[in-house]
Amino acid sequence: VLMFFPKGMTANAAWDGTVAEDFAGGDGSEGSPIKIANAKQLAYFEKQVNGGENYEEKYIKLTADIDLGGREWTPIGSDTSFDGSFDGDGHTVSNFKINKPDTLYVGLFGYSGGLIMDLGVENAEVEGRSYVGGACGYNRAGTVTNCYSTGKVNGVYYYIGGICGLNKDGTIQNCSSAASVKGKSVVGGICGEAQFGAYAVYNKGAITAADNQCTLGGIVGNTSITVLHNVINQGTVTSTTAESAAGVVGKTTWGALYGCQNYGNVAVTSKYAGGIAGWVGNNTVANYCLNTGLVNNNGTRATGGIIGEAGDARVWTGMDIAGCVIGAAECVMVFAGPILSVTGNAVTQNVVKHAEAFKKFFNVLHVGEATLDWAMVAYDAVTYSMSLYDIFTEEDLKEINVNLNTKATAIDNDVKATIKSIQ
């Protein structure tokens, strides 16, 4: 994951709330971008965009750090989509508030279909109704790259993210967030919802949502037809009531999860919960993912160290879940199908009393009939507290033991080496 850091230049004087009459220079061409040198000129830019100028095929560049002085900010593109290229050039926009709980498309940029790059959003307090993000509320087929955010992002309803609320047909890459993120549903550390791709992103902010149908994740709350590649979460994920929650993505359909790592704890009451994904739909693949966070689910359905539950296990094969490791701790189960396991307190608090539910799910996976291409490594603390005999049939256990003896050491070493390479 590539981390983006600001240039560290001294900011101009804090914004006094006034608006400039023009920019610092430039004609908007790629060779002569429009230059924004202070907060007054940034406010002028906001007025231009919201007045109907979308800056399509125009280039804008920050030339200094901008301090908005803790004042209320109107999102750039709240009425008109910004469709140009905005280059932060390694600078920051900091210390602003947006208090618009009845408004859609809320963030430093509200609605963007262009390019936002090389920009830090610092110490922002952002609140909106839906489509709320630190850098951008709604990214429609645009790109947000080399950006980061800190502060607080709150949404009254849906699509709430540390960088972007909703990423629809766009790309989020090389971005990070340390902002706390809270909403009703579809809440994530980087994006509330992502449709297309998120690459090389990192979150360490706390993620919170509470609705009986909510989805939340350390990176993305919900995805559809999306690739998550080389992503890391260190933030906690909490919910008192949820449908699906996880360290990386709460819920995904037709997804591809590659090199996803979670180190944050997941403490939820949810139907489905996992270290990497809570619920995954048909034809999702998860390769070389790592979870070392504690997954503690007080819900009544599936809980997994990597994946909580697969929507239709019949279409899964051994290659759909490959080389995934639960590193924290006590249990790694890798079958020809989803990796299903729990770690830490979740074992004693939930697995034992829900052993029957696990047994039914394993039967759906046809563990006893499958050829195990991967390894199962179970430490005593988990093996005996959850009692494998309460979950597997005698035939299942015989097959597991045979495969353990022949494959466990080689595969375990290979997986560990691969994860180390990814890290």
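This is a predicted model: local features need pLDDT of at least 70, side-chain atom pairs count only at pLDDT 80 or more; totals for chains, interfaces and linings use all residues.
1. Now look at who sits beside E10. Strand E14, residues 191-199, pairs with E10 in the parallel sense, and eight bridges link the two. To find your way in, go to Cys164, which stands opposite Cys191 in E14.

2. E10 also pairs with strand E7, residues 136-140; this pairing is parallel and has four bridges. Here Cys136 has Cys164 of E10 as its bridge partner.

3. The spot to check is Thr145, which stands opposite Gln173 in E10.

4. One thing to keep in mind as you follow these strands: in a regular strand, side chains alternate between the two faces of the sheet.

5. Stepping back to the whole chain, you'll count 35 strands and five helices. Among contacts with a separation of 6 or more, 81% are between residues 24 or more positions apart.

6. Finally, burial and surface. The chain has 423 residues, and 57% of them count as buried. Its accessible surface comes to about 16000 Å², with 48% of that belonging to carbon and sulfur atoms.

Methods: Residues are numbered from 1 along each chain as its sequence is written. Side-chain values use heavy atoms; hydrogens and water are left out. Two strands pair if DSSP finds at least two bridges between them. Buried means under 20% relative accessible area, exposed over 50%, partly exposed in between (1.4 Å probe, protein chains only). Contact means heavy atoms within 4.5 Å. Accessible areas come from the Shrake-Rupley method with a 1.4 Å probe; for residues, only the protein chains shown count as cover.
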